[in-house]
Structures are given as C-alpha cells and as structure tokens.
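Biologist: Could you bring up the model, so that we can go through it together?
Modeller: Here it comes; ask whatever you like.

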Amino acid sequence: MQREVNYTGWVISACLIVLLASGIFNLIIDPYNIIQIVTLPGINTSKAGAGDRIAFAKTYMANKIVAKTMIVGSSKFDIGIDPDSLYLPESNKPAFNFAVPGSSVYDQYRYLQHAGSKAKPNYLVMEIGFGAFLTSPDKPENYPPSTHGFEDRLLVNYDGSMNNDRLLQQLKDYSAALLSNTATYDSFRTMLAGKSVWLDKSGLSSGWLRFGSEVRNKGYFSVFRDTLRKQMTANPGKIIDNESPAFKALDDIMQYSKDNNINLVLVMPPYHAYQYELWTAMNLWEELENWKQLIVDRVSSFESSMSISVPVWDFAYYNNITTENVPLPSDKTAMKWYWEPLHFKRSLGDVILKEIYSQSGAGVGVRLSPDNIAQHLKRVRQLKEKYKNENTDQLLLFKEILGAYHCCPS
Amino acid sequence: MLFNSYEFILVFLPFTVVVFTLLSRLDSRRHSLGFLAFVSLFFYGWWNPSYLILISISLVVNYALGVFLQSEQTKKHWKTLLLILGVALNLGLLSYYKYGGFIVQIVNDIGNNNIQWTNIILPLAISFFTFQQITYLIDSAANRVKHSDFVEYIVFVAFFPQLIAGPIVHHKEMMPQFRTIELNVSKENLQVGLTLFIIGLLKKVILADSISDYVAPIYDDAADGTVTFFQAWIAGVGFTLQIYFDFAGYSDMALGAARMFGIVLPMNFNSPLKASNIIDFWSRWHITLTRFLTDYIFTPLSIKATRKTILRKEKQSSSTNSAGFITCLAIPTLVTMFLSGLWHGAGYQFLVWGLLHGLFLVTNHGWRMMLPYFISDKKKYERLFRPVGLITTLVSVFSAMIFFRADNLTIATGMIASMFGLNGITIPEGVFVHLGPFADLLLNIGVGTDYTAGSQLTYGTLYCIALLLLAIILPNSLDMMRNYNPALNYSLKRNERDELFFNNKLTSLLIWRPGRVWAVICGAGFAVGLMSLQKLSVFLYWQF
C-alpha cells in the first residue's frame, strides 16, 4: 500500500522552491539592468531583455547614474548616439543616452524631469524629429496629455511634485523582473547572448543587434523598402501645427533647461535622402520646411526672452552622407551610414557629435538661426534638385518602391 | 475577480477554503452553505458592486416565482402565467443588457434609422445565471424540482466557481450535494481540486495566452485591410486553439475550485478537437450548454414538429423522409444553433457562426441518414472515413471560428476569402529568402511574396501545430484524474481512444496519483503558472 503523503504540503513547497530559485536567478542575471547587484562578464552583461524594453530599463538606469550630459530623443538617437563617443568632449562626460524608441516630445520631457530630479545634467542633447511633430488635424490633443502608463514609474509628476504612485509601480516592476516567466526567459537569453550587448551601461542600444540580422538576410534595399512602405500606409494627412503638444513640450524642455542651468542643444537628425523623397511624395516637403522655420522662430523667441543660447542643428537635408547610395536589391553590400532611411549608424552619430562640438565644417550639419534659415532652406531645395539630377538610378529604385504601393497623392 | 489573478489565487481562494474547512468542524450545514453564499456574492460584487443589486433582485424574484410554481396550491393556469412572466423577466433583463445595442443596430440597418443606444456595461455572467434560473423555473412548473431554501438557491445560481462561465448546472445535480455540504471537506477533495485548478491555470496562462500574441495582431490587421492566406489560417486555427485552451483551462479551474469545497461540477469540456464529426464535436464542446439547448429548445421544437408530421401523415397518408428530416431535425437544429450563436454574443457575426454550425450539424445528420443506403460495412467505413471526418470537422470549426472572433461580418468574410486562397497565396519575404531552390518553384506555381512579418508566420505556425498536437494526441485532464471522480457525467467509456492510450507503461504515468512525484510536478507547474500572471510588455520598435 502506498504511504500517504502530505500532497498539498508538497505542492506548496515545490511551488515556493521554484519561485525562490527563479527569483535568485533573475536577481543575479538582472536581464533588464534595473537591479545591478553584480556584473558577471559574458554571463549577465548582454541584458537581452532590456533591449526589448528600453523605456522600462532606462527609466531605472537613469536613477543610478549621475551624468553630465543627457541625450534624449527617440529610436534614432537610442541606437545612433554613443555617450562614450570620442567626439563628445571629455568635460561633458559621463553621458547617459536616455533616448527612448517611440517616445513623443512630451515623453522626452517627462524622462528628463525624471532623470533631473535625482541629479541634474549640465548638458542636454535632444533629438527633434520631424515625425514627432506631425499631428492629425482632425484629432486635437490636450496638453499635457492624460497620464501615460510609463509615467507611473517616474520620480516626479508633470508639475514637479513627487509621484506617489511610483512605489506601487516599483513593487510591480521589481516583482515582474524577478518573478515572471518573461524575466526568466530573458535571463536565459541574456546568458546565451554572451558578449553581444543589447543595452550598455551608458544607455546605448545596439543597432547591430536590432537591424543586423535583417540587413544580413534581406539586404539593405529590402529593409529600406519595408520601412518606407510602412510609413506610406501609416497616418496620412498629418500636418505641422504650431500649437500641437510637441511644440508645447519643446517649450517645457527649453524652460526646464533654462531653470536648471542646462546647456541645451537641439538636433534635427540626418534622415536618408529616400526619406525626404518619401515626404515629398506624401506632400510633406513643405511641411518639413515649415517645421524647420517654426522651430527656429520658436527657439529664437525663447532665446531673446530668456537671454540664453539654444543651438539648433539641422542635419536633415541632402549632403554627401544622407545621399549614400542604397545597394541594388541583389546587392548585399553593407551601407556605411544607415540601417534604413530613418535610423543611422553610430558612425554617423559620431559625425553629428563632431560637427556640434568641434564645428568641423564638414558640411553635414548647419546651425540654424533666424538669419540663415531662409538661405539654408533655399540651398536645401537646390541640393534636392541636384540629387534628383545626379542620382537617376537611385531615384528609379526609389520609384520602384513607391510605385508598387500607390500610397500617396501624386 | 478572474480565476487567473493574484487576488483570486493567493487571497480569495485560500481564504475561503480555510474558513470553509474550519466551519465544517461545526458540523453545521447552515453555516457552511451560508458562508459559500456570502463569498459567492462577494466574488460577484468585487467586479462591480452595483451589479450585486441586480443579481440579488434576480435571485429573489426567481426564487419567489419558483416557490409559487412548486406549490401544489398554485392553480395550473396561474403556474403557466407565472412561468411566462418569469421567463419573460429573465429574457427581458438579458435582452436589455446584452442585446439592446444589437437590436437597435438591426432596427437602424433595416429602417435606415439613426436611433442612438447608450452602451451599458454587460453584467458579468448574466447569460449564465439567466439560463440557469430559466431552467429552474421551467422545472419548477413541471414539478421536477424539490423545494429548497433560499440560501441553497443562492449557492445553486451564484456558486463562485461556476458563476462566471459555467458549467451551466442543473438543480438536480447540485442540490443533493448542497444538502451534505458540511460533510464535504476531505483531503482527497482538496488534492483533486488543487491539481485540477493548477492544470487549468497552466492551460490558460501558458497555452491560451501565448498563442493570443500571434493571433490578436492578425485580427487587428484584418480591420485595416486584407490579410494573407497564411495569416488567415493562423487566425482561424490559432484562435480556435486559444479559445479551446482558454475554455478548457477555465473549465478545469472551475472544477478544481468547486472540488476544494467538495462539490463535483458536471463535465463541460471533453477534448472537442478529437471529434471526428460535428455532432461529436458539440457533444464535447461546452457540454452543459449543448445539454441546455437540446433539452429546452431543440427537443421541444423537434417533438412538436414530429407530432405535426405524424398528424399530417395520418391525414394525407403519404409523406417523404426528406420532409420529415427538414421539419423534425433540420429546422429545429438551425433554430437551436441560431439561438446558440445569439447566446454567445450580440452581433451578426455570432449569428452567422451559429447558423454555420447549424448547417454543419444538419449536413452531418443528413449524411448519417444516407449512409446505410451506400455503405454496409460500418467498421470499414469508420476506418476509412475517420481521418477524413477529423480533418473536415477541424476545418469547419476553424473557419467558423473566424466569425466568432472577427469584429464584424465584412472582416470575417474577407478573412475567409483569404483562408481559401481567393486573395492569392503569398509568403512573407523574410521567409521566402530562406527557401533556396523552393523559392523559384513557388514563384512558378503562382505563390508570391508579401511584406508581413516572417517571424509571425513561422512562430505562429509552429505554435498552432504544437498546440493542435497537444489537443488531439494527449488525454485531457479529466482522463488523467479519472480515478478520482473529476466531474459529474464523466465516464471512462466516453473516451475509448484515450483508454487505449493509457494501456502502456509509459503513458499510464500520466494518470494522476496523490504521490510526491505528482505533487512536485504540480507545485512546479503552479509556480510557472503564477509567474505567468505578470508580464513585462515588449516594446515593438516604432520606426517613426
């Protein structure tokens, strides 16, 4: 006869042991880089889970870092601007890349408030992307918007007061980072990824891990084509509106920088020429010019009223880097500067930093002011024309991409 | 409060089990039953306290009507009147909350009107407690119910393990169990209940929720445009498996939770994807709903039609089998399944889903009737046609399920068209580039490429295959727990094939025993299930 066992007791004990083991394992591996109790090179340095949850990971990392320079923006800066770059002056280091994919300008302001509430940076490099300022005229948005989910884990509220919901959110986050199957799975991924670092300590995400396998398998042409086509079908009819939340958030960022003695630099990122051609096809070229003008006017007005300087750098135009040839469909040659039309490689990020801080005069970026904006826009139109005339093969490729979809008004 | 929530698993359920166990020492039926009634209403009120008033009124009114209907002193015509009133009240309540918007939509569609309807939050489980109370009233009027006190009645309708999504229980199978409720606490009940609950939790959080990650985006895409051939199949197969494991998991959790209080609920789910025909499918899928629909809709309709047919035969002295088939079987089946569709949801797509299943059932019945004219060797037929029947049943269920899940009929029909290749057949380019020499072959036969995510197709397909094999090959949880009376109406003979499956040293290890090995497996599974309840959502790399 089988000896009677305390079945329920055994079930509960086994359950508790598995929970405890998973918790300890995830605590040590720390796949989201939010606990940081031990670093085991080659074992827990990859942080594969953080690569998929950048906002989550960086929000906690920002609390543990005292950075002189804070880099904010979206996915372009997340993978493109290296805080440890040689071209960032040593006096401005350490730097932390707090750019978060998909974040709006308002989100970026909130992240800045969060990081600044612990330790204020001296310098702020901010990506201002054209796409983040486009708005739907038929969907008016309030400012500040109603609270987003991510704001629960920020240290301060929009009005600067302490966020009292944070403790509960922290408990949930830590509990999920220690006691969830997702965390255990990500811990294994982290261990198996070895030396491939998804998100490094200074907040830089790996563009290679993000896009590498795609460009290797499909080739750059296909990756370019897919990105362009995705944009064609997404949200047509958007415009630039001077009263949109993005502009108001930019005001907030400028005011915050001024109030806290932070040297702010605004950067319009370098999209690939195909992106400008797409915007042209989508009837957005004039909006792009209008946007640049509005930014310069707004910043200039702020500078005058506050007696401070906020440099605005434009890298978003045709030059010898942004017009890099896209390989033919059958060609698997690697591109030097771009992953796809929106996302540039770290090498171009270095060029941006070099231009801003060394003023190398390489001609890939222009510091905008009310005095030179009209001339600059005129010159860009000429460069656009020149690109059209001198790159017929590239434009044929582009039209092939565009033609198949019939997305845009002709 | 959901079964798969921390508040239920870690607080509510352990607390109620412990208190119930302590109360049972008092040997007082009144205390044990009263406690169950109280916690069941608390469980219901947790979701939305204001609807506690609604269910309370419904309970009081139906119980009072039941008392009058059961009374021998109530005259027959009063009984009829009270029954009509009771059924109308229940259906009226259900119609107002569940079908109000849909009725207005139909009126608007037909008359091209623009009547506005304010959306009302659907009270949780209203379809279940309404049906259960209607059966109670009908059976009370027919003198098939023994008098019960109000607390018993509350537990019969609102017993929390079965309140939210069934099984739809019958008073004759529950009341006898409530009469000895204070004697129900036992180690075995707790062990069986805990094990069933853990198995159900794993089905829900590991199997059903995982595949939903691949299924939901396809239905979202379908709302914006056409989905591809393979996406449509993943949508159909994937959603069937999602709802299968969701429902199977829920049913196991309900059985398990009830068993911890010594209550054995009726079997509601018996590996329906193993069915070799659609009649068999409906005898395995949501069994208690099928029973309800058969007993209270199909059978009365069919009997009435049969009587009329017999009378007509007597008058005209000639009739055909096909006319009898249509009036006595086909029409009642279609009406029943139409109502089944309506019961499942307020929307045209649910009606189409119900009617499709009605058509499948009628075809199946017709086939069975015709069979003896063509095939004499039944065994040979079984051998030959069983695989065909299995595949036909699966394809029918998969395609009909698209209507169940899609947001509207237009989306559903578009997806069905894609599913059957009417929008062409394409493969994601990300997959195509890995096909080597097969790529040219596919291009030559007209298979093109598309720009959907290759990983979605690959992983979605693999998930579907894996889950389908699990559903078809492995025995279900009731079979595994078969030596411990896991559910009412469960019998080993129902699953002859699974019986054969267990005739092996290795596979017999799957039969549950309350020993250490099973305890450790269940404990580990419980931990995995608990850890699945919290997720960190993945950020999809936004490219703007």
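Biologist: Is Tyr153(B) buried or exposed?
Modeller: In this predicted model, Tyr153(B) has a relative accessible area of 0%, which is under the 20% cut-off for a buried residue, so Tyr153(B) counts as buried.

Biologist: And what about Phe156(B), buried or exposed?
Modeller: Phe156(B) is buried, and its relative accessible area is likewise computed as 0%. Both Tyr153(B) and Phe156(B) belong to helix 6 of chain B, which covers residues 150-158, and they are 3 residues apart there, about one turn of the helix.

Biologist: How many aromatic pairs are there over all chains?
Modeller: The count over all chains comes to 79 aromatic pairs. One of them is formed by Tyr153(B) and Phe156(B), whose ring centres lie 6.1 Å apart with the planes at 50°, so that pair is classed as tilted.

Biologist: Which aromatic pair does Phe247(B) form, then?
Modeller: Phe247(B) pairs with Trp285(B) in an edge-to-face arrangement, at 5.9 Å from centre to centre and with 65° between the planes.

Biologist: Where do Phe247(B) and Trp285(B) lie in chain B?
Modeller: Phe247(B) is part of helix 10 (residues 229-260), whereas Trp285(B) is in the loop between helix 11 (278-282) and helix 12 (287-316), so the contact ties together parts of chain B that are 38 residues apart in sequence. Phe247(B) is buried at a relative accessible area of 12%, and Trp285(B) is also counted as buried, with 5% relative accessibility.

Biologist: Switching to charges over rings, what sits over the ring of Trp339(A)?
Modeller: That is the charged end of Lys345(A), placed 4.5 Å from the centre of the Trp339(A) ring. In chain B, Arg405(B) lies over the face of Phe239(B), and there the distance to the ring centre is 5.9 Å.

Biologist: Which strand does strand 1 of chain A join, and how many bridges are involved?
Modeller: Strand 1 (residues 69-72) is joined to strand 3 of chain A by 4 bridges, and the two run parallel; within this pairing, Val72(A) stands opposite Met126(A) of strand 3. Strand 3 is also joined to strand 6 (residues 263-268) of chain A, through 5 bridges and again in parallel, with Tyr123(A) standing opposite Asn263(A) of strand 6.

Conventions
Residues numbered from 1 in each chain as written. Chains lettered and ligands numbered in written order. Predicted model: local features only at pLDDT ≥ 70, side-chain atom pairs only at ≥ 80, totals over all residues. Heavy atoms only, no water. Pairing = 2+ DSSP bridges. Phe/Tyr/Trp six-rings, centres within 6.5 Å; stacked < 30°, edge-to-face > 60°. Buried < 20%, exposed > 50% of the residue type's maximum accessible area, 1.4 Å probe, protein only. Lys NZ or Arg CZ within 6 Å of the ring centre and 35° of its normal.
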